[in-house]
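Reader: Could you walk me through this one slowly? I am new to reading structures.

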Amino acid sequence: MPGSASSTHRPEGLIERLRSAAADGGEAKLKVLRELKNQIIGNRTKKLSYIKLGAVPSVVSILSSASSSVDCLLVQCAATIGSFACGVDAGVKAVLDAGAFPHLINLLSHSNEKVVDAGARALKMIYQSKAAPKYDFFQQKNIEFLISLLDKNNENVTGLGASIITHSCETNNEQKILANAGVLKKLINLLKGTTTQRDASLESFATIIQQNPEVITKFVGPENGTTWGSLLELTKDRYPRTRLLACICLTKIKNAAPSYLQSVGIRTKLILVLLELVDDFGQVGDEALFTLSSFIEHEEDLQKLAFEANTIDKLCHQMQKESLQAKRLQGIFTILANLCSNLESCRSIVLQSPKALTIITDALTHTTTDVRVAACVCLKNVSRSVKLLSAGHFMTEAVIMPVIQLLYDTSTSVQVAALCTVSNLVVDFRPHKSLFVQSGGVKQLVELSKSMDSSVRLNAVWALRNLMFLVDTRSKEEIFMEIKLFPLTRLVSDSNPSVQEQALGLVCNLVNGPLDSIMYLFTEEGLLLNTVGRELRRASKPQVLVQAMYVMCNVASGKEFEKEAVMHQLLSHSSEDDNTESIIVSLLQSDVASLRTAAVWTVVNLTIPTGAGALARVVKLRNAGVVSQLKNMVNDPCLDVKLRVRTALGQSMTFGDFST
Amino acid sequence: MAEVYESERKKDNLEEAEEAVVADGDGVSVAVKKAAQTRRTLNPGRLNWGDARRVVSESHSRYRQNFLDTVKMPVRMVESPAPSNSSGANHGQTCLQPCSLLSVGQAFSGTQNVSSPQKDEAWRVNVRIQGCDLNHGYLCGTMEALNVPMADTPVVTFWEGEIVDTKNHTFFTNKWKATSEVDIEHWTKFPSFSPLLSQVEVDGGKSLDLSNYQYIFMRWKEQYFVNVGADCGLTIAGFYYVCFSCVDGSINGYYYDPNSSPFQKLELKTTNEGRSGFSFSSYELQ
């Protein structure tokens, strides 16, 4: 017959007994601690429940009051505290708040190895959490203590040492202190130990060398034969996690000091090992994806090797499995994005792979932010192909609609990723970009171009600039009506030069095409033209000046009225002192070839000898010193500049030789 | 692009033989005759080469005519250097310098002479540069043929270009059915190629430094039809040998396809869309 549960079996009952045991002592302590530990091991809910009921301070109180001779009680206390700290940040916080830390440290110097082991295990649990206190490597005694831990023959103690490093070593200086103190060598020695020691050691090793070429050069490179050889050997280890950790170390070495991993053989081998690990559908596989992604990022040669190793086929196949975890999807998209960042062949294969584009676009609405961002970046890089854009692969409702939707996302990182993707998709190359315009995309781009967040603002303007590229007259008008004159003027004068550059690129595209387009710059008494002219005199970033100069160049390709307006802007002085040279002369003298090119093109347009005012313009330019400046440039080191200078001089001289 | 020349030629031969065969009362020949009649209907007013040239030249302003006029200048100019032989560490590794007339958005118009021994014909052609990546020696864009006799609408193709920069690509094609002899045969048709010939014969031009040369050599290969199906009666099996002048943006090219009329000449000049000068546009992929 089932009876009612005794109050002592309920958490409240256990807590009651724990408190009284803490006060009374004796055998009861051991029994209740064991019972508590058995209940919470591997059970997050129970851990949280007992934490809430205040169990942790009672356990710590038993530990603090226990005589150092009652070894089994010390072991039980440490084990229970370790369980509370294992995998639950709230547990780590409760343990630390209850003051357990110094007591656990004391256990490490106990004469009984079992006590030391239990203390080290509990501390290791604490250091595996982000909530753990930061270890101060700048104190010599702390370094000595750390080395003493790594020197011990106990795998939990050495593991604790490794965990302290992995948790607390963050800065370049900390890495150097540890490396110079011989910690790296200790870790290398541990690679010969048990699997646990090896893995913990590899993790710490990766932390110390991360982004630190100095440490790598001194301690790790191929000239340190043992270290290098051990790492390479461990990529073949029988345990997947060890193989992964060895690959992580080698990846970090390559990323910080590329010269150490130039061998195509080793590079290929590493890619193949990581690809094999991807088959593991657990944490190792997920981490392998991110490691491979980091390994090939920014290096086209490595991307080619990964491509030749059939990475895309494998990932596209895996992507089609149903109900993939968010981390897995994010990892797959991240690798595909890296592969497609440079290689056209990769883009084509992704696009040809059955359902790949559909899976990527479906993931744009995933509930996890990181997946939405990764899918967006992947789509952005697949669409870096002029060939695929021109074929119209992306300007479809299935692709455009979810991307536009992401422009309204509550996460800024998603918005920025979506804006970057839109920037590519809208290049499109078809003059009538109706789908994007009709779908409300322009309205939201314009809205985001007013954002206080400069990266949102920058990418929104960037997208508008690309949208304006070779657009037809009607769409151009619609887009301009949405942006409006005054906000566009503000963007041209934005406090962020990168925003200015894109805004001026937008204006440049606006006034390109049919001749009538130039009139956009002359509305409201030439407000936009005057603003561009002002920036030409004020800005210092060459890219801003190049774009501003091309706006002037495009306007100068108009009729007499437009040419005269440009003359007025360019012959203004850069300061109020009339003795200074005009802005066009200073820009022709720029060290930046692309800026000189833009400036000379403008002069070419202004000196075309067919217009009624051509002669007067040439005279004005000569008087402003432009012609003599051009003569100084006839042997310009930039071929493009040199050729345009000859054209401009040739045109100027159709009215006579001004050399005298 | 070109007409499917080989099969056309076969049809023409059949056309000539048609009368004789018809006299035999052969059923097959009747079908051939019908096909020939259909073809005549599809190819109404063919534009001849001279007409096409006139159309193009009229589209250019007087300014264009004067654009390259030699003007005696009172300054000493270093004349355009002949391409040099690079040596040592720089061996053929220099990218070409950007040329603003060959940048994205730039448009060109002109003709492609598609004349064959049987007919005199030229198509009006528009080209627009859509992408340019000098680091990879890559260029791409669209080509629009306007008065193709067998098509109802202008035919647009997307092409990709290999820029001969001696780093990514040499003068030797090594594909598309082009041997080095075919390459030399086509390149030598450009006068600006002659200073390069001797070196190209040795190593395809690998050791040449073209970074300061006023001409850019390319191969343009059409990849797909943009607005019509692949069964439009035109072929894009061949490719163009192209020479671009950085001085004035003019483009000359020769279409090569073993199955089409040899040496179909492409002649293009920059267009300015009614402007009195040059205008530029740009985009940046992220």
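Author: Let us start with a definition: helices (H or I, at least four residues) and strands (E, at least two) are DSSP runs, numbered from the N terminus. Just after helix 39 of chain A, Gly625(A) takes a positive phi of about 90°. This is a predicted model, in which local features need pLDDT of at least 70 and side-chain atom pairs count only at pLDDT 80 or more, while totals for chains, interfaces and linings use all residues. Residues are numbered from 1 along each chain as its sequence is written, chains are lettered from A and ligands numbered from 1 in the order in which they are written, and side-chain values use heavy atoms, with hydrogens and water left out.

Reader: ok, and which residues of helix 39 of chain A are buried?

Author: In helix 39 of chain A, which covers residues 614-623, the buried ones are Ala614(A), Arg617(A), Val618(A) and Leu621(A), where buried means under 20% relative accessible area, exposed over 50% and partly exposed in between (1.4 Å probe, protein chains only). Seen down the axis of helix 39 of chain A, these buried residues fall within an arc of 100°, so they line one face of the helix; the arc is that of the directions from the helix axis to the C-beta atoms.

Reader: What do those buried residues pack against?

Author: They pack against helix 36 (560-570), helix 38 (593-606), helix 40 (626-632) and helix 41 (639-652), which belong to chain A, and contact here means heavy atoms within 4.5 Å.

Reader: Switching topic, at what angle do helix 34 and helix 35 of chain A cross?

Author: The axes of helix 34 (residues 523-538) and helix 35 (residues 542-556) of chain A cross at roughly 135° and come within 9 Å, with axes being lines fitted to C-alpha atoms, for helices over the stretch in contact, and angles running from 0 to 180 degrees between N-to-C directions. Helix 34 and helix 35 of chain A are therefore oblique to each other, given that angles under 35 degrees count as roughly parallel, over 145 as roughly antiparallel, 65 to 115 as roughly perpendicular and the rest as oblique.

Reader: And how are helix 16 and helix 18 of chain A packed?

Author: Helix 16 (residues 240-256) and helix 18 (residues 283-296) of chain A pack at an angle of about 20°, with their axes 10 Å apart, and they are therefore roughly parallel to each other.

Reader: Last one, how many helices and strands does chain B have?

Author: Chain B comes to 6 helices and 12 strands, and buried residues make up 51% of its 286 residues.
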